[in-house]
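Hello,

Here is the structure I promised to pass on. My notes follow below it.

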Amino acid sequence: MSGICGIIYFDGEPVDLDQIQKMVSTMAHRGPNGIHFWINGNIGLAHLAMHTTPESILESQPLINANNNLVLVADARIDNRNDLTHRLTCKGFLHTKNPTDADLILAAYECWQENCPEYLVGDYGFALWDSSNQRLFCARAPFGINPFYYSQNGKAFAFASEVKALLALPWNQPDLNRNRIATFLGIRDWDRKSTFYDSVQCLPGGHRMSILAEG
């Protein structure tokens, strides 16, 4: 699977490319087909490409829309491609006959905004920066195959495909979450949000969230 990660600073502090690169370096195995960055002031995103489908060979991420107000990074495989392509083309949000999975997700957001996951069938985890609304929209498919972890403090929000990428950030300490360990070892493990580290959480499968730039 490909990899994604990113940082948003609530206080307007510029994102340092070195920090994003440190995150990426911990999961470089996810990017054998290329690693690309997008940074704009206090927002930084990265995509690590691993081609697993014919469509993914044509992808270029982070993907920016024509109006330059949306930027997407996604680890995704969309299965209802034909139906989605038809719907979005008829509505005027898609203008190519052979869209990539990233194209479909971006167009779906343009069409349905935060309700777009309801129209996506497949495995995915993605984050999309919407500069018009000053929000980072994140979503994960119901089965939760593609991982999505995040951490947040009063100053920043960060996300990544792997926990160790978040632990590479200076404000995250590798302190063990003993309650989570105890729950995991119990007879029933219903906790889908916390991880084995206090500073890192998991976006459960089938969930979405929006992070406003002002925190």
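Which residues do ring pairs link into a cluster? They are Tyr109, Tyr124, Phe126 and Phe137.

First, the ground rules. This is a predicted model, where local features need pLDDT of at least 70, side-chain atom pairs count only at pLDDT 80 or more, and totals for chains, interfaces and linings use all residues. Residues are numbered from 1 along each chain as its sequence is written, and side-chain values use heavy atoms, leaving out hydrogens and water.

Now the rings. Rings of Phe, Tyr and Trp (its six-membered ring) pair if their centres lie within 6.5 Å; planes under 30 degrees apart are stacked, over 60 edge-to-face, the rest tilted. That rule gives seven aromatic pairs. In one of them, the ring centres of Tyr109 and Phe137 are 5.7 Å apart and the planes lie at 35°, so this pair is tilted. Tyr109 sits in helix α3 and Phe137 in strand β7, 28 residues apart. (Helices are DSSP runs of H or I with at least four residues; strands are runs of E with at least two, numbered from the N terminus.) Both Tyr109 and Phe137 are buried, meaning under 20% relative accessible area with a 1.4 Å probe, protein chains only.

Phe148 and Phe159 are stacked, at 5.4 Å between centres and 5° between planes. Phe148 and Phe159 are buried too.

Next, the sheet. Six strands form an open antiparallel sheet, ordered β2-β3-β1-β9-β8-β10. Strands pair if DSSP finds at least two bridges between them. The edge strands, β2 and β10, each pair on one side only. β8 and β9 share four antiparallel bridges.

Best wishes

Key: Buried means under 20% relative accessible area, exposed over 50%, partly exposed in between (1.4 Å probe, protein chains only).
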